[in-house]
Structure formats: structure tokens, C-alpha cells
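Subject: Handover of a structure, with notes on its contents

Dear colleague,

Please find the structure below, together with an account of what was found in it. I would be grateful if you could read the notes with the structure open beside them.

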Amino acid sequence: VISNVVMMGMGEPLLNYEAMWQAVETWNDHQGFNIGARKITISTAGVIPGIEQLAQETFQVGLAISLHAPNDALRNEIVPINRKYPIARLLASAKAYLDAQTDKKRVVTIEYTLLAGVNDSVEQARELAELLRDYPCKINLIPFNDFPNSGYQRPSGNAVTRFWQVLVDAGFVVTVRTTRGDDIDAACGQLVGEVVDRTRRSARHRAGRGDHSLLQ
């Protein structure tokens, strides 16, 4: 039985809006999966035009924002779309989406992937708490699932707990995502990391043979 659906992953749903919405309607249709609107959430890195379009729909789903940083300087680096749609505009757009819904108790889910030594300090947790102070949201912390050549590492359990505690003490509802499949490199983000790594090795191999087709 499917009880909840979150549209997220390797693609950006709001950059493929028509196909995304067809999937949502199929999930909700009584002849499809018959899943209620409150159990469907669209996760976006911050495509503001898509959020604005979503606000026009009469069928209202949940909204999750992949934030991952408490300020624009850092988010510009790890979520490049922030250079076009900075945090203040993104949060305002998400708030406008909530305001357009008939259910005034809904909140935005803030997704925050914790990267060791990058965005997981106590100071950054405090900055995030200040950024989201009085903002209608709940926060989902996601310890990074590291994979070869990613350039990032998973934070320690203590670092995750310290970050979580700062947010809880500030009055937020905070969850920490449980990782499954990391023992076989099949957790969220790890499969594509392995594919990219193999592709690069294949490209290097072809380059060594004088075949540069994958490098052009």
C-alpha cells in the first residue's frame, strides 16, 4: 500500500512541469493510486516559476524546498540555481504557495543535507534557525550519503545531533532521515555517483585509446 509520495530525486520536477503534474493526477485519481493530496509532496531545488504555477492548481499538494544552506553565499556554491533564485525570493515564493492553499495549517518542508565541514556546524544551525524564525515549516535533516569522487563527506553522528539540537531548542519540528542501502552503495545519491564515476573512468579509457567521443 502506498501511503505517501514525494516527487524528488535526480531530476527537478518543476522543470518538467507537465509530466510532473500528469504523475500527480495519476497518483490522486481514484482509478489510479487514489492517494490524497496531503500525502503527495513536490520537492524542488527552488524553481520559482514552477512554484508559482503550482500555486494556481486547485488540487493542492505539499511542497518541499531543498535548501541545504543558511545563506546565499554558501547556497550559491552547493545549489547553483540559487544564483538565479536566491533564498529570500525562494522562501517568499514558497510562503505565497502556502497562502494560496485552502488548508492554512500546511507548512513547507525544508530539506537540508548535512555535509561534513561544509554546512553542519553549530553556528550554521543557529543561522538556519534565525533564517527560518517564524517561517511556517518543518525541517528534514539528511546526512549526506558519500560516494567515490563526490568531494563531500558524511558528518559524524555527533555533528548531526548537535545540529538537530540547536533547531529543536529554537522550537522547530525536526526529523533526521534514516539511511538505508548505504552498505551496498544504494542509498539516495549513491547510485548516480557510481554511474558518473564509471562514466569518467570509461572516458579516460577511451581517451587513452584515442577515442574522444565522450569528451566532446
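In these notes, a residue is called buried when its relative accessible area is under 20%, exposed when that area is over 50%, and partly exposed in between (1.4 Å probe, protein chains only). Helices (H or I, at least four residues) and strands (E, at least two) are DSSP runs, numbered from the N terminus.

Please note that this is a predicted model, in which local features need pLDDT of at least 70, side-chain atom pairs count only at pLDDT 80 or more, and totals for chains, interfaces and linings use all residues. Residues are numbered from 1 along each chain as its sequence is written, and side-chain values use heavy atoms, with hydrogens and water left out.

Overall arrangement

The chain contains 7 helices and 6 strands. Read from the N terminus, their order is β-α-β-α-β-α-α-β-α-β-α-β-α. Of the 216 residues in the chain, 41% are buried. A contact here means heavy atoms within 4.5 Å. Among contacts between residues at least 6 apart in sequence, 65% join residues at least 24 apart.

Helix H5 covers residues 122–131. Its buried residues are Gln124, Ala125, Leu128 and Ala129. They cover an arc of only 145° around the axis, which puts them on the same side of H5; the arc is that of the directions from the helix axis to the C-beta atoms. Glu123 and Arg126, on the other side of H5, are exposed. The buried residues of H5 pack against H3, E4 and H6.

Helix H6 consists of 13 residues, 157–169. The expected span of a helix is 1.5 Å times one less than its number of residues. For H6 this gives 18 Å, and its end C-alpha atoms are 18 Å apart, which agrees. The buried residues of H6 are Ala159, Val160, Phe163, Val166 and Leu167. Because these buried residues fall within an arc of 130° when seen down the axis of H6, they line one face of the helix. On the other side of H6, Asn158 and Asp169 are exposed. The elements that cover the buried residues of H6 include strand E4 (108–114), helix H5, strand E5 (137–143) and strand E6 (174–176). After H6 comes Gly171, with a positive phi near 100°.

Tyr17, Met20, Trp21, Val24 and Trp27 are the buried residues of H1. They fall within an arc of 115° seen down the axis of H1, so they line one face of this helix.

Salt bridges

A salt bridge is a side-chain nitrogen of Lys or Arg within 4 Å of a carboxyl oxygen of Asp or Glu. How many salt bridges does the structure hold? There are 5.

One of them joins Asp103 and Arg38, whose closest N and O atoms are 2.2 Å apart. This pair links distant parts of the chain, 65 residues apart: Asp103 is in the loop between helix H4 (87–99) and E4, and Arg38 is in the loop between helix H1 (17–28) and strand E2 (40–44). Asp103 counts as partly exposed because its relative accessibility is 25%, while Arg38, at 56%, counts as exposed.

Glu111 forms a salt bridge with Arg177, the closest N and O atoms being 3.4 Å apart. Here too the pair links distant parts of the chain, with Glu111 in strand E4 and Arg177 in the loop between E6 and helix H7 (190–209), 66 residues apart. Glu111 is buried, with a relative accessible area of 5%, and Arg177 is partly exposed at 27%.

Arg133 and Asp134 also meet in a salt bridge, at 3.7 Å from N to O. Glu130, Arg133 and Asp134 are linked in a network of salt bridges. Asp134 is exposed, with a relative accessible area of 71%.

A charged residue without a salt bridge

Arg75 lies in helix H3 (residues 72–78). Is Arg75 buried or exposed? Arg75 is buried, yet it has no salt bridge. The nearest side chain of opposite charge, Asp72, is 6.3 Å away; Lys and Arg count as positive and Asp and Glu as negative, whereas His and the chain ends are not counted. The side chain of Arg75 reaches the backbone oxygen of Leu67 at 2.8 Å. Not counting residues up to four places away in sequence, Arg75 touches several residues, including Ala45, Ser66, Leu67, Tyr85 and Leu90.

Yours sincerely,
A colleague

Definitions and conventions: A polar contact is a pair of N or O atoms within 3.5 Å; within protein, one must be able to donate a hydrogen and the other to accept it, and residues adjacent in sequence count only if both atoms are side-chain atoms.
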